[in-house]
Amino acid sequence: MTTTVDTQPSAPHIADSHDLIRVHGARENNLKDVGVEIPKRRLTVFTGVSGSGKSSLVFDTIAAESQRLINETYSAFVQSFMPTLARPDVDVLEGLTTAIIVDQQRMGADPRSTVGTATDANAMLRILFSRLGQPHIGSAKAFSFNVPSMSGAGAVTLERGGKTVKERREFSITGGMCPRCEGRGTVSDIDLTQLFDDSKSLSEGALAIPGYKPGGWNYRLYSESGLYDPDKPIRDFTETERHDFLYREPTRMKIAGINMTYEGLVPRIQKSFLAKDREALQPHIRAFVDRAVTFTACPECDGTRLNEAARSSKIKGISIADACAMQISDLAEWIRGLDEPSVAPLLTALQQTLDSFVEIGLGYLSLDRPSGTLSGGEAQRVKMIRHLGSSLTDVTYVFDEPTAGLHPHDIQRMNNVLLRLRDKGNTVLVVEHKPEVIAIADHVVDLGPGAGAAGGTVCYEGTVEGLRASGTVTGRHLDDRARLKETVRKPTGTLPIRGATTHNLKNVDVDVPLGVLCVVTGVAGSGKSSLIHGSIPADAGVVSVDQSVIRGSRRSNPATYTGLLDPIRKAFAKANGVKPALFSANSEGACPTCNGAGVIYTDLAMMAGVATTCEECEGRRFEASVLNHRLGGRDISEVLAMTVTEAEEFFGAGEARIPAAHTILRRLIDVGLGYLTLGQPLTTLSGGERQRLKLATHMAEKGGIYVLDEPTTGLHLADVEQLLGLLDRLVDSGKSVIVIEHHQAVMAHADWIIDLGPGAGHDGGRIVFEGTPADLVAARSTLTGEHLAAYVGR
């Protein structure tokens, strides 16, 4: 019997025809009816100037709709616990797959959150020590610094056989939390001299705490408590009076005829200021906390957060505290050396997680590193860890500038990770500015042509070669290379740093030149931030613009954040003879229907809430009578709708001239934010825009030394030129500018370079080069030197 083989190619299966993600009519934020077709199982890079609409298309449209559709597959009960997402403003979205978003949101700065707890590595280590640790002290909870040890006993009442029976029950939990610092690793001491002037009495205004003004309730709680004489200087208090004033337990009592809870000043300060995340405090309160509170490593646990029992249980002489303090690359080697068949699956999983850290360039971290101290780029790469070993395919991975905070040497490693995710059959969408990442794209979508209202359209779709020839802003600047300076400025002085040992620094001595543009560089984890942020003397008059998040609600906008609205409100009030508070949408001038929000939110439980424009004020946020008051022919809502560039012209001359407002607006234009509208909510700004907004605000501060932490984050190639011009203007105005940076254009433009390395973690922490960029390129003695030489074509 013969068998026949059909050699005719069969028609493709209909299921294989869905190989595109189609977007039509996208209108989120500034997008103008955008339509794109993105190939699946390919690497697509989205480019365009900062504010052109990349994040609006990728995160707020494609990824948001994918997440919303997945959430809808759960029951209403489960959905009620999940974040509710509204459907993006788009006509058609087809071919979506499950989206995994890896963004640059900084990790929560909870004092008990560490790299280990954020990645499940700690959970696996705890199980390992509970099984293999000697002496055996208990379950995995006994090694957790978040679980306190506790025990109790008492009678419980049960219904049994129709009778009520009382039984005695006991319980005990063995936790690993250090009882002294409660698992925080640090204890705080309060400097009492910063709380009050003990030569004064309370009647004379002795307290020096923000919010404790004479006459206010916080102040009257102490001055009218009756526990001590308010006219007696604090230094003359008896021991009992001093204890009542500073440390008394909460006590209900009548003060000024009102029932109140009196509490000693120190515990009250600890609850109101110290229990909160330092980054979430208002600037003036943060300054007070920095002055009044000293944080030192807990003397009982040596900063390990764990109690003595947890530290006593060891595997091969290593305790869990020692393991968490090791550099991750060393810990991976130690785990590899454990051969214990009884916990083989656990060791394999832990090994994979630790190897992923090393592979992605984070082998220099340790598991006990507080997650709040990670940079945006490090936080993003920590989130990538759990996806690297995943067996999932046909998933859409969405990355927001994955190379942020990476040295050119590390970018190649990140590119390999992105390509590996694609080669497993996944769709990889990347928002990126770096030409090294754009170069590996299978498909490029370029948005623009400008930012804000001038952007939101697709300027180019296709290959990288096509982008180069396209004539778009990105295409024209793709092969830009900064040249080394012909001449460099001479320093006017130096800022000496001696014996720096913060984190991985190895007793570093360096003289940072002043009066010039000084760039501090080196591979990620080499000790740049430790040297500059951790070692510059506090009294050096430094204005630091770091990468911490700007916190703000949808009521915050560039005008309120920069302080621009204050002079504008006063000018409106003066011109119309009314109170300034009328011109605040958060105060007396707010529309009574929407409370100044401009929209009315209807909460629909597990469904996405609906925001409808307020019919009373038509989204203007102000009461109708307020809009009758004008300045220079415009009302306050029209002023908030202006772009920064329009407002700079409006407040610069004529009837509406306000010098204070004009100065702030000039700074916003200097940092490249001329396209933002004054009333745009901060929640809609991209990461790069927020950092430049912060830079514009800090430029007003009186300080001779500016420290900028990676100011090119989120900046398009075309905007880097503008940033370099701004840095030059700062230096030429007599300031000293120190920039922590990886971007070769900024290095080439520097007057002086300090290069740290040679590697990361304990392989770094040393100065490997000091000198001019030209000398660094000529010597090629470091990784930075080699990459900079290749960049400038030497």
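Predicted model: local features only at pLDDT ≥ 70, side-chain atom pairs only at ≥ 80, totals over all residues.
## Sorting the residues

## The largest cavity

The structure has six cavities of 30 Å³ or more. The largest one comes in at about 150 Å³, and 18 residues line it. If you want to find its centre, look for Glu-401, Lys-434, Thr-712, Thr-713 and His-743, the lining residues that lie nearest to it. By class, that lining splits into eight polar, five nonpolar and five charged residues.

## The second largest cavity

Next up is a cavity holding about 120 Å³ of space. It has 14 lining residues, with Phe-145, Thr-304, Leu-306, Cys-324 and Asp-368 closest to the centre. Here the lining is made of seven nonpolar, four polar and three charged residues.

## Where H11 meets H12

Helix H11 (residues 328-336) packs on helix H12 (residues 344-359) at about 155°, and the two axes are 9 Å apart. Angles over 145 degrees count as roughly antiparallel, so that is how H11 runs relative to H12. The crossing of H11 past H12 is left-handed.

On the H11 side, the contact uses Ile-328, Ser-329, Leu-331, Ala-332, Ile-335 and Arg-336. They meet Leu-347, Leu-350, Gln-351, Leu-354, Asp-355, Phe-357 and Val-358 of H12. Sorted by class, this contact has nine nonpolar residues, two polar and two charged.

Definitions and conventions
Residues numbered from 1 in each chain as written. Heavy atoms only, no water. 1 Å grid on protein atoms, 1.4 Å probe; cavity = no way out; pocket = protein on both sides within 12 Å on 5 of 7 lines; lining within 4 Å. Points joined across faces, edges and corners; volume = space filled by probe spheres on them. Nonpolar A, V, L, I, M, F, W, Y, C, P; charged D, E, K, R; others polar. Axes fitted to C-alpha atoms, helices over the stretch in contact; angles between N-to-C directions. Helix = DSSP H or I, 4+ residues; strand = E, 2+ residues; numbered from the N terminus. Parallel < 35°, antiparallel > 145°, perpendicular 65-115°, else oblique. Left-handed = near helix turned anticlockwise from the far one by under 90°. Contact = heavy atoms within 4.5 Å.
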